[in-house]
Amino acid sequence: MSSLFDISITGVLTATIRMAVPLVLASLGGVFTARVGIINLALEGMMLFGAFSGFIGAVYSGSAIIGAVCGMAGGALAALILAFLSITAKANQTVAGVGINITALGITSYLLSTLFGYGNRPYGVASFSNIAIPVLSDIPVIGPVLFDHSLLVYVTYIAVPAVWYLIYRTPAGLTIRATGENPRAVDTLGGNVMRTRYLCTLASGVLAGLAGAYLTIGQMGQFMENVTAGKGYIAVAALIFGKWKPLGAVAASLLFGFAEGLQLRLQIGESPIPFQFLSMLPYVMTMVALLLFVGRAKAPAAMGKPYNRQD
Amino acid sequence: MEHERTLGDGEDLVIEMRKISKQFSGVLANDEVDFTLKRGEIHALLGENGAGKSTLMNILYGLYSSDGGEILLNGEKKEFSSPNQAIQNRIGMIHQHFMLIPTLTVVENVALGLKDQRFYRLNLKKVEKRIMELSELYGLAINPWARVGELSVGEQQRVEILKVLYRDAQVLIMDEPTAVLTPNEVTELFIVLRDITKRGNSIIFISHKLWEVMEISDRVTVLRDGRRIETVETSLTTREKLAEMMVGREVILQYDHPPVRVGAPILQLEDVHCADDKGLEVLRSLSFSVCAGEVVGIAGVDGNGQKELAEVVHGLRHVDFGKIFFNREEITNKKPRQIIARGLAHIPEDRHSTAIVMDFSVTENLTLMNFDSPPFTTYGMRHSRVCTEYAQRMSDLYDIRGGGVTEEIRNLSGGNQQKVVIARELDRNPDLLIAAQPSRGLDIGATEFIQKQLIAERTKGKAVLLISTDLDEVLAVSDRVLIIYKGEIMKEIIPSQASFEEIGLAMAGVRD
């Protein structure tokens, strides 16, 4: 009988990367909104929009790349709604985010049925296949774990340092960080608070949309109702757990990805624990992580506060 | 004072604002205001809270748009629709509430929004170099890599000045720059400001404090109710004349303290220690007493334990060590209600969040502490007529104006809100009154009324503990002043026998 212990490390770690990628992308998106002071619970809805539009793009174009671009556009569209509600209309950002998530769930399920008929799903949709990077993928353990993945995973590898550099090493990044702490200071120094917030919200939509597309066309081409299943919320948790910093969010995403990868492997390997409990693992870890760390972290000071020059 | 800089021929105007008007939801904040700034001068803009000083300067800085009038810069007509344009025209503003980001370093705060940076790379070394040059030139010592949140208020202001100098401003607008400084920091600031004008720059100095306007400015423009009253040469006017222009009537700057026999101690603190909200010890071994028939003032820079001091006496904060006595009875860590029942009244420092309920009427706020007992409530029934009559009586007695007793208190002016608090607290005939920042944000009329009430209580033989960061207030009202620094009493003085320098040193933590 196979036990808990003969699951291969390589297998678990490879699954960790695969499971972590959407969380990494979405929580990096969350970094953008958090750093300009916007509460972004809509990551879930942006991902779902991205997953759906990415899938549709791939179905009709037959190209996974075009699908990914459509996914980013879908996420950006959801982001635009959040931006308008929270920046221009100055609505409550938590309510706006939850509203977008519910809307995304309803619209994608509805469109799926109307486009393909109830219960009918297109099969064999264009998706990204694994590209083993020469030389690097031959390294034992590290090679298969890190360098034998689809294009979107490699895009994620580049996105992490790129976002970090943008936020910490460029003038635009300084403006972004300052906007989340004290938008009035940015305004008095001639910066444009509204524009910064809009652009960063759109950036979060693009990243979350890509994360969503990864779920539908990143490996196999398929879409199911509520395919994100709370991954957007886990990304929000990773963001908070990572103290609203890019690398922190990535580390937290990897941790949650590990929990997910581990439970998947355990399910395959005939574990004595019922699979329902194993499926709970990432969510339980999310709660435990938040319970242990959130109290101590300090959010950007202007979080959730709309900016009004003449207040 | 040296006046070696020349003011030119009187025609060398950097800024000319003509007939500036601005309305906020129907209220005229600026009514055809004229204002001129000469090259190399320090021009004070004097007026009460709400007189329209900040509005006028926010228009000049492009934060607000004016409803009428025009602005000339070096004789040329200009339109500033955003701070960006003001900065490009070399106008810099230092706001009353600092526009700094506490989590970032000094260099990052200065670098924010700079135009001479390449978009793909933030070059902080370059910014640091220029900060050091400016810091040397103007004597503004600063550690460029320190986090702004860890700096003292005086240092934070230096960062603000450096931000403006870095952008090569020829005009500096300073909105109430001394409000948060110790007397010594004010002296240092004035030296820097004179240095800045010697190099041909001009400064607009917004203030409502008479003595500092007299000391630092070359000319004064007085605003009242959104209108310009007069512009005068500082050397040709007096404090009294300025006060009269500012308020519109003669003002008393000194109070009489009728002699009264000081009685038994009402409040005694013995070696009291407590922690602030972050768990850091904020009162350390605090001991003093307040007797019947005296006003004891607690002076000090904001954040040295004043807020917590009021809270421990009121039973709102846990005392970790030491004892507090009220009328010789120990009240350490008793519940607020028990302490109030023994005869404590408290005017808290944050009126809006702790003293009144903004959505309640004047009547409801006046009866907030005893609405559930006779005569307001009997047998579980509240008698609204009794409440209203009581509120009416209080309004007449304490001169509460604005809309009547059924009006929501948020529609009253700050001064009238504070009168409601005072009426409620004093009507219980307390033995001890704690007044924390009682006149913060109030106009001179209301300030006068409230300060006179404090002295009247003392003359009636009550004990008064006045906690205020406004040194003028503490010195004018108190019989004895204790200077607090980091939760300890540094020094005790008698107002008429101490110099400003002496007090300033104690406020900065220097022991004799």
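Hi everyone, let me start in chain B, where strand E13 (residues 294–299) and strand E20 (residues 463–468) run parallel and are joined by six bridges. Before going on, a word on the model: it is a predicted one, where local features need pLDDT of at least 70, side-chain atom pairs count only at pLDDT 80 or more, and totals for chains, interfaces and linings use all residues. Residues are numbered from 1 along each chain as its sequence is written, and chains are lettered from A and ligands numbered from 1 in the order in which they are written.

Helices (H or I, at least four residues) and strands (E, at least two) are DSSP runs numbered from the N terminus, and two strands pair if DSSP finds at least two bridges between them.

Back to E13(B). Within its pairing with E20(B), Val296(B) has Leu465(B) as its bridge partner. E13(B) also runs parallel to E21(B), with four bridges joining them, and there Ala299(B) is partnered with Ile483(B).

Strand E6 of chain B (residues 91–94) is another one to look at. Ile91(B) and Met93(B) point one way, Gly92(B) and Ile94(B) point the other way, and all are buried. E6(B) pairs with strand E7 (residues 171–175) in the parallel sense, over four bridges, and Ile91(B) meets Val171(B) as its bridge partner.

Now let's step back to chain B as a whole. Its secondary structure comes to 17 helices and 22 strands. The radius of gyration, taken over C-alpha atoms, is 25 Å, close to the 24 Å from the globule rule (2.2 Å times the number of residues to the power 0.38) for 512 residues, so chain B is as compact as a globular protein of that length. Along the principal axes, its C-alpha atoms fill a box of roughly 75 × 50 × 50 Å. Of the 512 residues, 43% count as buried. Taking contacts between residues at least 6 apart in sequence, 67% join residues at least 24 apart; a contact here means C-beta atoms, placed from the backbone, within 7 Å.

What about the contact between the chains? It takes 22 residues from chain B and 20 residues from chain A. On the chain B side, helix H2 (83–88) and helix H3 (106–111) are the elements giving two or more residues, and H2(B) has the largest share, with three. That side divides into 14 nonpolar, six polar and two charged residues; Ala, Val, Leu, Ile, Met, Phe, Trp, Tyr, Cys and Pro count as nonpolar, Asp, Glu, Lys and Arg as charged, and the others, Gly among them, as polar.

Last, some backbone details. Pro374(B) and Pro375(B) are joined by a cis peptide bond, with omega about 5°, and Pro375(B) sits in the loop between helix H12 (362–366) and strand E17 (377–378) of chain B. Lys486(B), not a glycine, has a positive phi of about 45°; its place is the loop between strand E21 (480–485) and strand E22 (488–493) of chain B.

Note on methods. A residue is buried if 20 or more other C-beta atoms lie within 10 Å of its own, exposed if 12 or fewer, and partly exposed in between; C-beta atoms are placed from the backbone. Two residues are in contact if their C-beta atoms, placed from the backbone, lie within 7 Å.
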